[in-house]
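Q: I want to learn how to read features in a model. Please give me the general idea each time, then the case at hand.

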Amino acid sequence: MRIDGGADIELSSLPLGTVIGSGGQGQVLELTGTDILCKRYRDPAGTNGEALAVLAAFRQRLGPVDRDFLDSVAAWPLSRVTDRGRGVGFLMRRAPGEFSWRTPQGTSKLLELQYLIRPAKVGYRTIPQPTPPERRALALACARVVEWFHRRGMVVGDISHANVLWSLRPEPRVFFLDCDGFRPVDGVTVQAATDTPDWSDPLTPPSQHDFDSDAYKTALAVTRIIARNPYLLPGDGLDPVPASLDRYQEAGVRRLFSDAAGARRTRPVLSEWIHALSDHGGEAQQTPLFQEAGDTRPLYLDLDQRTDEPEQTTPVDPDPAEPEPPVSAPPPAREVRDRKPINLRVSGR
C-alpha cells in the first residue's frame, strides 16, 4: 500500500496503532511499524472531503525539488482516508526527531514555538537554546516557509506557538503542523477555520484568512522570536534579544513591525520580512502577492506550469534610516479557537 501517492486509502485497510494525540477536531494515531500518522476526525460530517483531497493533490502536482522541500517543512496530508467513500481523515509523516526534545523525566515532546518565545524555565532546561544569530535565523526560516506557500497559492491560516516547531539541527529550521488548516487562495478549508488566542488578526476573522492575515501573524511570529516575548503586538515596544540583529536588520524589523499595525493591504508582505532579516543586501524584495480590490484572478501560476528553477532576484540595499515611531494597533475584535490554556510545566514539577 502506497501512502504518499495522493490516492484515497480506506480506513479499514490501515494498521492503526496507539493514539498519540487528541484534540477538539480528532485523534492522531500511529500506523503500526511505520513513521506515518493518521489524523481521524471526530465529526466527519463537518469535514469538507473535497478540500482534503485538494491538499493531497497539491503535493502530487509539485516538482521533485518542491515536493522534497514541502516534506521537510510540513506534516502535509499525503492521502485522504475514507470510510465507505466519505473523507474521515488523512495520513501524514511524523515530524522528524530533531523537532522534539526530551524532558528531565525522559519523555519526548514536540519542540513547539512556545519554547522559543518564552523565557526559559526550569521545567524545560534540557532544551538547547539558540544563540542570538540562530534566533534571527529561526525567524527568517519561518518567514521563508510562509512565503514559499504563498508563492504556490496556499494560505496558511492559523499560525501560532503550538503549530510551528523549530530545531537547531542541522541548522535553524521550522516545521508546520495542522496543515489541514491550509487552503488554496481561491479554495476552502477542510474544517471551519480557527485562530489561536493571542495570535488572531484583529482585522480578519478566521473565516476570511488570506495572505494579508498570514503576513500579520508571521510578523507576530518573527518579532516574538526576536524579542522572546509571547505577547508582543504591533504598536508595542520592540526589544530584540541582544546581538540577534545588526543595526540594519534592527532598523528594518522595527519599521516593518510598526507598519504591521496598519490597515489591511498596507501591511508588510513576507518578502519584506525576509529582506529585513537577511544579511543586508542578501535578499531581494519581491512583488507583493496581494490582489487589487475586485481582482478575482488567481495570484499564482498553475502548478503544472511551475519549474524547479530558482527565480532571478535583484539585491535591494537596506534602509539604514532611523526607525519610525510605532503606530497604535486598532482595538482587537477577535474570534479565537477553543484551545485549552498552555501548561508549560513538566509533570512532576
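A: Start with Asp 198, which is partly exposed at a relative accessible area of 36%. Buried means under 20% relative accessible area, exposed means over 50%, and partly exposed lies in between (1.4 Å probe, protein chains only). Asp 198 is found in the loop between S12 and H5. Helices (H or I, at least four residues) and strands (E, at least two) are DSSP runs, numbered from the N terminus. This is a predicted model, and its residues are numbered from 1 along each chain as the sequence is written. Local features need pLDDT of at least 70, side-chain atom pairs count only at pLDDT 80 or more, and totals for chains, interfaces and linings use all residues; side-chain values use heavy atoms, with hydrogens and water left out.

Q: What is the phi of Asp 198 near?
A: Most residues other than glycine have a negative phi, and most peptide bonds are trans. Asp 198 has a positive phi, near 75°. Asp 178 also has a positive value, near 55°. Asp 178 is in the loop between S11 and strand S12 (183-184). With a relative accessible area of 35%, Asp 178 is partly exposed.

Q: Is the peptide bond from Arg 169 to Pro 170 cis or trans?
A: That bond is cis, with omega near -5°. Pro 170 sits in the loop between strand S10 (164-167) and strand S11 (173-176).

Q: How many helices and strands are in the chain?
A: The chain has seven helices and 12 strands. Of its 349 residues, 48% count as buried. Now take contacts, which need heavy atoms within 4.5 Å. Among contacts between residues at least 6 apart in sequence, 66% join residues at least 24 apart.

Q: Which residues of H7 are buried?
A: Leu 270, Ser 271, Trp 273, Ile 274, His 275, Ala 276 and Leu 277 are. That is seven of the eight residues of H7 (residues 270-277), so the helix is largely enclosed by the rest of the structure. The buried residues pack against helix H4 (132-151), helix H5 (211-227) and helix H6 (247-259).

Q: At what angle do the axes of H6 and H7 cross?
A: Two packed helices are described by the angle between their axes and the distance between the axes. The axes of H6 and H7 come within 8 Å and cross at roughly 155°. Axes are lines fitted to C-alpha atoms, for helices over the stretch in contact, and angles run from 0 to 180 degrees between N-to-C directions. H6 and H7 are therefore roughly antiparallel to each other. Here, under 35 degrees is roughly parallel, over 145 roughly antiparallel, 65 to 115 roughly perpendicular and the rest oblique.

Q: Where does Pro 268 lie?
A: Pro 268 is in the loop between H6 and H7. Pro 268 is buried, at 3% relative accessible area. Leaving out residues up to four places away in sequence, Pro 268 touches Ala 215, Leu 256, Asp 259, Ala 260 and Trp 273. Pro 268 and Ser 258 are 10 residues apart in sequence and 9.6 Å apart in space, C-alpha to C-alpha.

Q: How many aromatic pairs does a search of the whole structure find?
A: The search finds 12. One is Phe 69 with Trp 148, a tilted pair at 5.2 Å centre to centre and 45° between the planes. Phe 69 lies in helix H2 (residues 64-73) and Trp 148 in helix H4, so the pair ties together parts 79 residues apart in sequence. Phe 69 is partly exposed at 30%, while Trp 148 is buried at 9%. Tyr 115 and Tyr 124 form an edge-to-face pair, 5.1 Å centre to centre with 65° between the planes. Both tyrosines are buried: Tyr 115 at 5%, Tyr 124 at 1%. Rings of Phe, Tyr and Trp (its six-membered ring) pair if their centres lie within 6.5 Å; planes under 30 degrees apart are stacked, over 60 edge-to-face and the rest tilted. Ring pairs also link Phe 58, Phe 69, Trp 76, Trp 148, Phe 149, Phe 176 and Phe 182 into a cluster.

Q: Over which ring does the charged end of Arg 224 sit?
A: It sits over the ring of Trp 199, 4.5 Å from the centre. The test asks for NZ of Lys or CZ of Arg within 6 Å of the ring centre and within 35 degrees of the ring normal. The charged end of Arg 247 sits over the ring of Tyr 248, at 4.5 Å from its centre.

Q: What is the mean pLDDT of the chain?
A: The mean is 83, and 80% of residues reach 70 or more. Over residues 281-349 the pLDDT is below 50, and beyond near neighbours in sequence this stretch has 133 contacts in the model. pLDDT is the predictor's confidence in each residue, from 0 to 100. Where pLDDT is low, the predicted coordinates should not be read in detail.
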